[in-house]
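Welcome! Let us walk through this structure together, one stop at a time.

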Amino acid sequence: MLIKKNIIDFKKNIDNSTILVAVSKTKPIADIKEAYDAGHRAFGENKVQEMVNKYEVLPKDIEWHMIGHMQSNKIKYMASFVHLIHGVDSIKTLKEINKQAKKHDRIISCLLQVKIAKEETKFGLSFKETESLINSEVIDTLQNVKIAGLMGMASFTSNENQIEDEFASLRSLFDKLKEIEKKNIKLEILSMGMSGDYKIALENGSNMIRVGSAIFGARNYIA
Ligand SMILES: *Cc1c(COP(=O)(O)O)cnc(C)c1O
């Protein structure tokens, strides 16, 4: 019952144009079902196999978001159904998504993951790399992918000013690049903010938040 309440409370507190992705990684089917029964449809997973397993047993009107960093060889398993891939940070991955999307006669929407955190471990493109990827000619040839926006993760820190600076920097890149329109590029989604920092993200222009523990409770292990 707590999950249902959390979902309802969250939706009450964010505006209509903000998309809430409920991050269900490591959580059981029953928990997702509870959120589903509360009317929620967008769920995020960070491992392809886990997402496929859940997709197979859950209602087919769920929108599955791949939020983790993936290996190219796993893309084929989710290409028939994935709704949005958040963590794209190389042309190699984009090419593979394009190839697999084509097999299913689909256009798969993707977000480019941009590195905004100061920590060394985080994945993502630099600002410069993001810009040159979007302006590159090779991207024009990938007609089965759509670049729908940007995604970023702030540093894991209690320093709110730093988090704010990181989100604000991504927002300004987003504002700049959203002027660019190509056949397969139209930046409309800015995916930033998790349980601990979504409020700061929303103040800084996020329109898609990825919330796990604040809805489903703490995870048993770091995922
Ligand atoms: C796990 C995860 C989240 C959700 O994290 P919470 O702190 O539980 O809200 C969001 N985004 C990504 C990329 C994640 O891996």
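**A guided walk**

Start at Ser191, which is buried with a relative accessible area of 0%; buried means under 20% relative accessible area, exposed over 50%, and partly exposed in between, with a 1.4 Å probe and protein chains only. What you are looking at is a predicted model, where local features need pLDDT of at least 70 and side-chain atom pairs count only at pLDDT 80 or more, while totals for chains, interfaces and linings use all residues. Residues are numbered from 1 along each chain as its sequence is written, and side-chain values use heavy atoms, with hydrogens and water left out.

Ser191 belongs to strand β7, residues 185-192. Helices (H or I, at least four residues) and strands (E, at least two) are DSSP runs, numbered from the N terminus. The side chain of Ser191 has a partner in that of Arg210, with a polar contact of 2.9 Å between them. Such a contact is a pair of N or O atoms within 3.5 Å; within protein, one must be able to donate a hydrogen and the other to accept it, and residues adjacent in sequence count only if both atoms are side-chain atoms.

Next come the salt bridges, of which the structure holds 13. Each is a side-chain nitrogen of Lys or Arg within 4 Å of a carboxyl oxygen of Asp or Glu. In helix α1 (residues 2-13), Lys12 and Asp9 sit 3 residues apart, which means about one helical turn separates them. Their side chains form a salt bridge of 3.8 Å, N to O. Lys12 is exposed at 64%, whereas Asp9 is partly exposed at 24%. Together with Lys5, Asp9 and Lys12 make up a network of salt bridges.

Glu50 is buried at 18%, and Lys54 is buried at 6%.

A further salt bridge joins the side chains of Glu166 and Lys118 at 3.9 Å, N to O. Because Glu166 lies in helix α7 and Lys118 in the loop between β5 (108-115) and α6 (127-135), this pair ties together parts that are 48 residues apart in sequence. Glu166 is buried, at 2% relative accessibility, but Lys118 is exposed, at 60%.

Stay with helix α7 for one last stop. Asp165 is placed in this helix, and its 52% relative accessibility makes it exposed.
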